[in-house]
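These are my notebook entries on a structure that was new to me. I set down what I looked up, one topic at a time.

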Amino acid sequence: MNITLNEELRSFIDPLTPVEYAALERSLLAEGCRDALVLWRDVLIDGHNRYDICRKHDIPFRTVQNDRFESIEDVMLWVIDNNLARRSVSDFQRGMLALRKKEIVAARLAQRAAEAPPDQPAPEAEEDPVDPPWSTREDVAKAARVSANTLSQIERIRKTAAPELVEAVRKGDISVSAAATVASLPPQAQVAAVAGGRKELQQAARQVREQKAGAKPKKEVVPDSPEEQVKALRSQVGELKDRVATLMTENEVLKQKLAALGAGA
């Protein structure tokens, strides 16, 4: 039997924890694979974990065809909708799924508009068979059951985070808000923070926030006398020197981490 695995489809599904995987493995070994794996043509669309375990232990399994899809995008929307409805899916994964669905829907509308006759009005998002219309960030956030602000953070992670940082969020090693902050760092610094574990990730997020806070212009209070003005200026110079020293130290730490990573490779 020729079964094709689509890695993008598989990425829509949160991996099982070691405990969950072991429980499923025990069940399949004891009772066999009772539920059929679902295929679209030769593409596996449901039952990836069962398929892996059955192949590992040569456990027989059945397959059924779902022929109601016309394209792989139809399959993706089906898998996304199934996972968006699950309670066990994390906020981060739901946000990622909803953003991917938005892209698929937008691409379909664009293609439909390009193929429409010149005298026919362009299709609107509401005409698409998917629900909701997916025309605004609020629509997508509602479908993902997260706030619009959280969705913006997830979108930032999706666009700028290194794969290692994305995996850390997926595993719960760092919160969505902290990961969105760390994602503003260069990719090498992100990888170094992930390699350092949870504490290092939290520290990196805190440092970025402090740097951004320090970069905001402070409201200036003009001293009354020349003596107070000189005192205020000296205080500012001292603060700047302390800040420069801190940044140099942080830079040196990052260099050492990068050097260690390079040596380990």
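Leaving aside neighbours within four places in sequence, which residues is Phe-92 in contact with? I worked from a predicted model. I found Phe-92 in contact with Ile-154, Ile-157, Val-166, Val-169, Arg-170 and Val-176, once its neighbours within four places in sequence were left aside.

**Entry: the cores.** I then looked up the largest nonpolar core, which has 27 residues. Phe-92, Ile-157, Leu-165 and Ile-174 touch the most other members of this core. I noted that at least two of its residues come from each of α5 (91-115), α6 (137-144), α7 (148-160), α8 (163-171), α9 (176-182) and α11 (198-215). The largest share, 5 residues, is supplied by α9. I recorded another core lying apart from this one, with 16 residues, including Ile-45, Leu-77, Val-79 and Leu-84.

**Entry: Asn-66.** I located Asn-66 in the loop between β3 (63-65) and α4 (72-84). Is Asn-66 buried or exposed? Its relative accessibility is 15%, so I count Asn-66 as buried, the cut-off being under 20%. Not counting residues up to four places away in sequence, Asn-66 touches Val-38, Leu-39, Trp-40, Ile-45 and Trp-78. I also noted that its side chain reaches the backbone nitrogen of Arg-68 at 3.3 Å.

**Entry: α4 and α5.** I looked up how these helices cross: their axes come within 10 Å, at an angle of roughly 150°. Angles over 145 degrees count as roughly antiparallel, and therefore α4 is roughly antiparallel to α5. I recorded the crossing as left-handed. Among the residues that meet here are Leu-77, Ile-80 and Leu-84 in α4 and Leu-97, Ala-98 and Ile-104 in α5.

Conventions
Residues are numbered from 1 along each chain as its sequence is written. This is a predicted model: local features need pLDDT of at least 70, side-chain atom pairs count only at pLDDT 80 or more; totals for chains, interfaces and linings use all residues. Side-chain values use heavy atoms; hydrogens and water are left out. A nonpolar core is a set of buried Ala, Val, Leu, Ile, Met, Phe, Trp, Tyr and Cys residues joined through side-chain atoms within 4.5 Å. Buried means under 20% relative accessible area, exposed over 50%, partly exposed in between (1.4 Å probe, protein chains only). Helices (H or I, at least four residues) and strands (E, at least two) are DSSP runs, numbered from the N terminus. Contact means heavy atoms within 4.5 Å. A polar contact is a pair of N or O atoms within 3.5 Å; within protein, one must be able to donate a hydrogen and the other to accept it, and residues adjacent in sequence count only if both atoms are side-chain atoms. Axes are lines fitted to C-alpha atoms, for helices over the stretch in contact, and angles run from 0 to 180 degrees between N-to-C directions. Angles under 35 degrees count as roughly parallel, over 145 as roughly antiparallel, 65 to 115 as roughly perpendicular and the rest as oblique. A crossing is left-handed if the near helix is turned anticlockwise from the far one by less than a right angle, and right-handed if clockwise.
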